[in-house]
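Trainee: I would like to go through a structure step by step. Where do we begin?

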Amino acid sequence: MTPSHTQGLQPTEDRHRGVAAMIAMMGLYFLVLLSVGMLRPIRNALALDGLGQTDFYKVYLISGLVIVFVPLLNWLSDHVPWRRLIPGVALFFALNLLVFRALYVEGSTAFGLVFYGWYDLFAAALVTQLFMVTQLFFHARLAKRAYPMVIAGGALGASSGGAITGFLAEAVGTPNLLLLAAGLIGVFSVAVTAVWSIEGMVPERPRSRRSAPVARGGLGIRAIFGNRQVILIASLVLITILVKQLVDYQFNTITKEVFESRDAISAFQGKFNAATQWLPIVVLLLMRKPLQRWGVGFVVLILPVSMLLTNVGLVLFWGLWAAVAAKGAETSFRYSAERAGREILYLPVPDEIKLKAKAYIDVAVEKGVGKVGSALLIFLLLTRIEYQQVAWVGGALSIVWIVMALAVRREYVRSLASAVENRFASLHGVFASLQDASTLKVLRTALAGDERQVAFALDLLDQAPTGDAEPLADELMALLDHPSAAIRRRALDLLRGLPEQADPARLESRLGDADPEVREAAVRALVAADGESKTDTIRRLLVSDDVAIRIATLSCLARDEIASDALADVRHEIAGSGGGSTLEERIEQALVAGVLQPASATRIVMDCLEDPDPTVVSTALRSAGMLGDPGLHARLIEALGNPRTREAARDALAMQGTRVLPALIETLLDEAADRAVRRHIPSVLARLPDPATLRGLIDAVMATETDQILDHRAIKALSKLRARNPELAFPVEPVRRLLDRSVTVASLLASVDARLQGQDDAGPATRLLRQAVREAWAERREEAFRCLGLLHEPESIHRAFLSVTRGETVSRANALEWLESTVGFHDFRKLDPVLDPDSAAPTHEDLPTMLRRLESDEDRWIARCAQRAGAEMGLDSPPHPATGEIGMDPIETVFLLQQVDVLRDARSAHLALLGSIAQEEDADTGTILAREGEPPDALYVVIRGEVTLKGPGGELSLTDGESFGTWALVDDVPSLVEASAARPTRLLRIGREDFLDLLADHPELAIGMLQGLARRLRSLVL
């Protein structure tokens, strides 16, 4: 995990837009359900007016016709922009109501049935399309706050609509209320157009913005319902409707028993709706905290549990009040918990599937299949039992419903994880089989082309099964004479997998190659090609007169790249070889000690460790690793402090296994030990999985000393151990303490950053402090996620980290929702300071007090920046102890380095590291700093004075703050210009050798510089 420091402390950018969207959706949903609430009792009254009380279930059959309109609705949504589609559909339904009023026939069964079916289509279409829009306005995190409020607005509308019908039905007549409903729908049509026209109201969502048609042609039903989450949602909705309709049937049946006239039924049900439709508001207000705490799993269980209880009540206490209680519970929770839960369940479904699936589920399944199924179910039940006993079946279905709700919750979490994973899924190159004639032709041409084409062809061969490269064996053999050593080596490595096609004589010719890596590749390929006689081949190579061939063979044996039984036979022949004065002979001596392990091996290694050449020392270190002598452990650990022998020391220590753990951990925790050695011990421990390793690394982080670099590397080592060794048991409580530590520091940094934001006239030191604070906060955020990866599945946590730090709004919200579901509400709340810096605990400390706290921070760079910023603000601050690193103040050095083009985006802490190796130099007039045609060896920044660059393109003068020789740090290409001092000049110089040693000590510096360089190149390309 590498944090993107450029993002700094990310504000919740969509907060204000989210509030505005929530208010707008509340208003629109209020208008929709105001008309729906008015028409619901009218629909029931008109249907009951023409049917007997026990025949009411037959109206559910007419609802099945809404299925016919689903393809039409999807077609319209594909071809008509939503900003026109939704108000257009609303106006269409408003006109329908005018027609119904004109054609109304009192007591008509046909009219009642048609109106009942029309109502279901109207309610489903308008509500579904409105919620489709909310899916685009709300992401997973915002949805948990917004949906309860939006649905509360709808509940208020439904209650108001019911009240209008309840108190006006008998006064003005039920049919005349159709005209009022038509007017309300017209108002909604105008309002939705107005909301959509507000600038910035519609959020940017890649792949899903519906201000214009998308997904033309759409997806087929099979593709839509191929998504497991969609299937489970559809199943949950279906059983919801079955139980709901059983309750609805019993409620309407009892209503018909008690009230006989049409207007009386309209008035009763209108007043009932007015009395109960506000209950979802209460439920939603009570549900907000539990929803945030326990998530969608809690919400989807509320309605099925309540239906189970109320159906039991109907069984025990059949009558109007029992039916009212059951219907009231269904209304309260279905239009609050069930609707909010359902909309949240849709969120992790891919947009291109979700927008189609909602139409099929919310219209076809809920209003069509569900009601038809319930009608058939009631018909079958009435042939066997009395209608008063239907509640038994409703209770049984509620139990099934509860089980399904639990399954849906599990799938929701899995779908969130999948959404986060797919956001960062790698796309592997897919190419035709190498056995294909056309592919072989292309590869043959590439293998005979320039170096770049050859390298690309070899990349493809590396990815392919070994046998597929057999037809190209001749071309690979031809590459053994290629001018590039890298090409020769790669060709030999591929030929190693084709022993029967390789020519041993040609392979042996490469044993004398000038490049040592090519010689080693030739040894590997030759031994593989010799088959059964490979032992004789190794023996022959080990006793060769050419020391370079012997070294190549010993190197392969040392790395277990070849194996042989010949060692015992040749030990006495070459055990005494080497020991000469040449570099090759000294390297061979060090290799002999490790591979052949003669009696004097330890003494030979000790002698080689004193060699002045780092190559000999590195070879001896690896031999010491093979010997496994505990007496050499201290020397191996000491070698970690030298950048030129560090990698060999790591390998050698890792070879020791757990035997070296006590010595490593003792040095790691020893505050008096060499800092460079201690900082590189975690990278060794990351290769030694053991409970003692975990304890040692955790103790190092929790130690009272202040070395942030060591702490960060120790946490990274723990993260690597977790990823590479899933069977390793991490201690939970110590890891939680590590997590709490990172979060606490992040909270302080966020508070400091918030205070620094108010410094409008901040000077350069204060701005630098703010940059450093933001970078440090990003580092603590990374550490917190690494700690989470120790407690949960690390790969999933890593993907969540990438989504949170680099994803767009939707993927970030999905990751946060998954994270909360995974770690639990309590632990998730504790993460707020590393997820949203605005949520850091408020502090009453003034800025001077906070700066003084930072001056003692374990991050020495933060402490230094805080002291300088305090001095800049005129605050009393004790002088910072001198470090003796360079003559110039480190802060001033960073200011200079920030002006170097490729370093402009580098982290301030990384620039401070660069500054630690910088040297100040004075140059007299005419002093040559770089000669044309010669490789420069340093980066120079002009502190004051003037430098002239002369070259084929002319002459250029550099003055204070300007730099030259940047690429000398990483490249030894001859300079195109001559650089000389035009007048007495003071310069800041960073030499290449010092720079490379610094990179070896601080690999994170290389990563930061590469990120800055990549951003710079990307800005030039894009």
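Mentor: We begin with a definition: buried means under 20% relative accessible area, exposed means over 50%, and partly exposed lies in between, with a 1.4 Å probe and protein chains only. This is a predicted model, where local features need pLDDT of at least 70, side-chain atom pairs count only at pLDDT 80 or more, and totals for chains, interfaces and linings use all residues. Residues are numbered from 1 along each chain as its sequence is written, and side-chain values use heavy atoms, with hydrogens and water left out.

Trainee: Is threonine 310 buried or exposed?

Mentor: Threonine 310 sits in helix 12 (residues 296-316); helices (H or I, at least four residues) and strands (E, at least two) are DSSP runs, numbered from the N terminus. Its relative accessible area is 14%, so threonine 310 is buried.

Trainee: Which residues is threonine 310 in contact with, leaving aside its neighbours within four places in sequence?

Mentor: Contact means heavy atoms within 4.5 Å. With those sequence neighbours left aside, the partners of threonine 310 are Ala325, Ala326 and Ala329.

Trainee: Which residues is threonine 766 in contact with, under the rule of leaving aside neighbours within four places in sequence?

Mentor: Threonine 766 belongs to helix 35 (residues 764-791). Its relative accessibility is 3%, so threonine 766 counts as buried. Outside its sequence neighbours within four places, threonine 766 is in contact with Leu756, Ala869, Glu872 and Met873.

Trainee: How many salt bridges does the structure hold?

Mentor: Side chains of opposite charge can pair when their charged atoms come close. A salt bridge is a side-chain nitrogen of Lys or Arg within 4 Å of a carboxyl oxygen of Asp or Glu. The number of salt bridges in the structure is 42.

Trainee: How many residues apart are arginine 490 and aspartate 459?

Mentor: Arginine 490 and aspartate 459 form a salt bridge, with the closest N and O atoms 2.7 Å apart. This pair links distant parts of the chain, arginine 490 being in helix 19 (residues 485-496) and aspartate 459 in helix 17 (residues 451-463), and the separation is 31 residues.

Trainee: How far apart are the closest N and O atoms of arginine 510 and aspartate 513?

Mentor: Arginine 510 forms a salt bridge with aspartate 481, where the closest N and O atoms are 3.9 Å apart. Arginine 510 also forms a salt bridge with aspartate 513. Arginine 510 and aspartate 513 are both buried. For the pair of arginine 510 and aspartate 513, the closest N and O atoms are apart by 2.5 Å.

Trainee: How are helix 41 and helix 42 oriented, roughly parallel or roughly perpendicular?

Mentor: Two packed helices are described by the angle between their axes and the distance between the axes. Axes are lines fitted to C-alpha atoms, for helices over the stretch in contact, and angles run from 0 to 180 degrees between N-to-C directions; under 35 degrees counts as roughly parallel, over 145 as roughly antiparallel, 65 to 115 as roughly perpendicular and the rest as oblique. Helix 41 (residues 860-872) and helix 42 (residues 890-897) pack at about 95°, with axes 10 Å apart. Helix 41 is therefore, relative to helix 42, roughly perpendicular.

Trainee: And how are helix 27 and helix 29 oriented, roughly parallel or roughly antiparallel?

Mentor: Helix 27 (residues 614-627) and helix 29 (residues 646-656) pack at an angle of about 5°, and their axes are 7 Å apart. The two, helix 27 and helix 29, are therefore roughly parallel.

Trainee: How many disulfides does the structure hold?

Mentor: A disulfide is a pair of cysteine sulfur atoms within 2.5 Å. Cysteine 556 has 0% relative accessibility, so cysteine 556 counts as buried. Cysteine 865, at 1%, counts as buried too. The number of disulfides in the structure is zero.

Trainee: What is the phi of aspartate 560?

Mentor: Aspartate 560 lies in the loop between helix 23 (547-558) and helix 24 (567-574). Its relative accessibility is 68%, so aspartate 560 counts as exposed. Aspartate 560 is not a glycine, yet its phi is positive, at about 60°.
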